[in-house]
Amino acid sequence: MRKTFLSRVADMIRNEPDTIFFTVDIGMWAIRDVLEEFPDRCTNVGIYEDGMFSIAAGLARRGFIPTLFGIQPYLIERALEQIKMDFAYQKLGVNVVGTGAAIDYPKYGYSHYCPDDVQLIKMIPGCEFVAPGTAQEFLTLFNQTYRDGRPTFYRISDYPNKKYDIDVKFGKANVIQKGSKITVIVVGVLLDMVMDVCKNKDVTVLYYTTLEPFDGDTLADNCPSDNILVVEPEYKGSLDYDIINSLAGRELQIRHVGFPREIFRNYGTYHEKLDFYKITSLQIEKLLHGVI
C-alpha cells in the first residue's frame, strides 16, 4: 500500500499544482526526486507532526489540497488538538495517510501502536476514516475522496489481503456473501481471515473499508438475525455505537474479534501478536460455534 500511495502522491504533485505533500521523516527516499523538484509543495518537515497539521491548515485556507504522511500514533494521538481545531472546526480538507496501526510496527513497541485510531477520529465530527484492505482499494478510495474538502484519514498496512481485492466505494459496505444465521462485519485487512472461515457457510459477510461515515443502511438491509460478529484490526467495540444505532430497537448479540482495550506491553512479530490477542481464524470459528 505504501508504494502505491507514494506513487500516487508523486503523480499528484507533478500534475496538480494546487496539491501539497508533507511527510515527517518517512517515505522521503521513495519520492526524493519530487521533493527536490517541487520543494515549495513537497516537503519533509521532520519530527513535527502537530506543526505540520497547522501549516497544512493555513495552506488549505489558501485553497491548496494537503496530503500528510506519517506513523499513525504520531499523526493522530500527538496531533489530535490540531486535527480538532485546525481542520474539523474550520471545515478544512486534508488527506492524512498513516502507516503502522494498530500493531504493524511490532518491533518498536507501544510508542508505535495505535489501536485507538478509529475511536479517536470518529469522536471528531466531520472527519472521515478509511481502512482499505489492499493497495488497489486504497487507490480507489483515495481517488474518490482526496478533493472532498473534509479531513480524511487513511490507514494503510504492510499486511494487506492477498486473496480478496474488492471493488470498493467510499461510504459503502460490500456484501461479500449472504446467509441467515449471523452477520459478520469485517474491516480492511482481516477479510482474508474471515473468508477462510465463513466462505460457503450460512453467514452474511459485510466488508467495511469506510469506517466514518459508517454505512448503516447496508447493515440494516443485510442483518437477518440479531447475531453479529465484528472482526476489526483495532480496539474491540470501535464500531459498536454505529452498529447499535443502525439496528435500533433490536436485541443484539454482538461478539468481537479485535484488540482488547489495554496497553500492549508484550513483544513479538506481527503474526505472533495476532495470535496472542486471538485475532485468528480459530477464534472466529469458536465464536461462530453454536450459531451456525
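Predicted model: local features only at pLDDT ≥ 70, side-chain atom pairs only at ≥ 80, totals over all residues.
**Lys122 and its partners**

Lys122 lies in helix 6 and Asp242 in helix 10 (residues 240-246), so the pair ties together parts 120 residues apart in sequence.

I then looked up the accessibility of Lys122. The value is 17%, and Lys122 counts as buried because the cut-off is under 20%. Lys122 also meets Glu212 in a salt bridge, at 2.6 Å from N to O. Glu212 sits in strand 10 (residues 210-212), so this pair with helix 6 joins parts 90 residues apart in sequence.

**Other salt bridges**

How many salt bridges does the whole structure hold? My search returned 15. I picked out Glu16 and Arg147, whose side chains meet at 2.9 Å, N to O. Glu16 is in the loop between helix 1 and strand 1, and Arg147 is in the loop between helix 7 and strand 6, so the bridge ties together parts 131 residues apart in sequence. Glu16 is buried, with a relative accessible area of 14%. Arg147 is partly exposed, at 41%.

**Helix 1**

Arg8 took me to helix 1, where it is one of the buried residues. Helix 1 (residues 2-15) has 14 residues. Its first and last C-alpha atoms are 20 Å apart, close to the 20 Å expected. Phe5, Leu6, Val9, Ala10, Met12 and Ile13 are also among its buried residues. I checked what these residues pack against. The list includes strand 1 (19-23), helix 2 (32-37), strand 3 (65-71) and helix 7 (135-145).

**Rings**

I came back to Arg8 for its ring contact. Its charged end sits over the ring of Tyr146, 5.1 Å from the ring centre. Tyr146 belongs to a cluster linked by ring pairs, together with Phe5, Phe21, Phe69, Phe138, Phe142 and Tyr154. Elsewhere, the charged end of Arg78 sits over the ring of Tyr74, 4.4 Å from its centre.

I counted 18 aromatic pairs in the structure. Tyr113 and Phe264 make a tilted pair, 6.0 Å centre to centre with 50 degrees between the planes. These two residues are 151 apart in the chain. Both Tyr113 and Phe264 are buried. Tyr159 and Tyr270 are stacked, at 3.7 Å centre to centre and 5 degrees between the planes. Tyr159 is in the loop between strand 6 (151-156) and strand 7 (174-177), and Tyr270 is in helix 11, so the pair connects parts 111 residues apart in sequence. Tyr159 is partly exposed at 26%. Tyr270 is buried at 8%.

I next looked up Asn161, in the loop between strand 6 and strand 7. Asn161 is buried, at 7% relative accessibility. What does its side chain reach at 3.0 Å? I found the backbone oxygen of Gly188. A polar atom of the Asn161 side chain also lies 3.3 Å from the backbone nitrogen of Leu191.

Leu191 is one of the buried residues of helix 8. Seven of the eight residues of helix 8 (residues 191-198) are buried, so the rest of the structure largely encloses it. I listed the packing partners of these buried residues; among them are strand 8 (182-187), strand 9 (203-208) and helix 12 (281-288).

Conventions: Residues numbered from 1 in each chain as written. Heavy atoms only, no water. Phe/Tyr/Trp six-rings, centres within 6.5 Å; stacked < 30°, edge-to-face > 60°. Helix = DSSP H or I, 4+ residues; strand = E, 2+ residues; numbered from the N terminus. Buried < 20%, exposed > 50% of the residue type's maximum accessible area, 1.4 Å probe, protein only. Lys NZ or Arg CZ within 6 Å of the ring centre and 35° of its normal. Polar contact = N/O pair within 3.5 Å; in protein donor to acceptor, adjacent residues only side chain to side chain. Contact = heavy atoms within 4.5 Å. Expected span 1.5 Å × (residues − 1). Salt bridge = Lys/Arg side-chain N within 4 Å of Asp/Glu carboxyl O.
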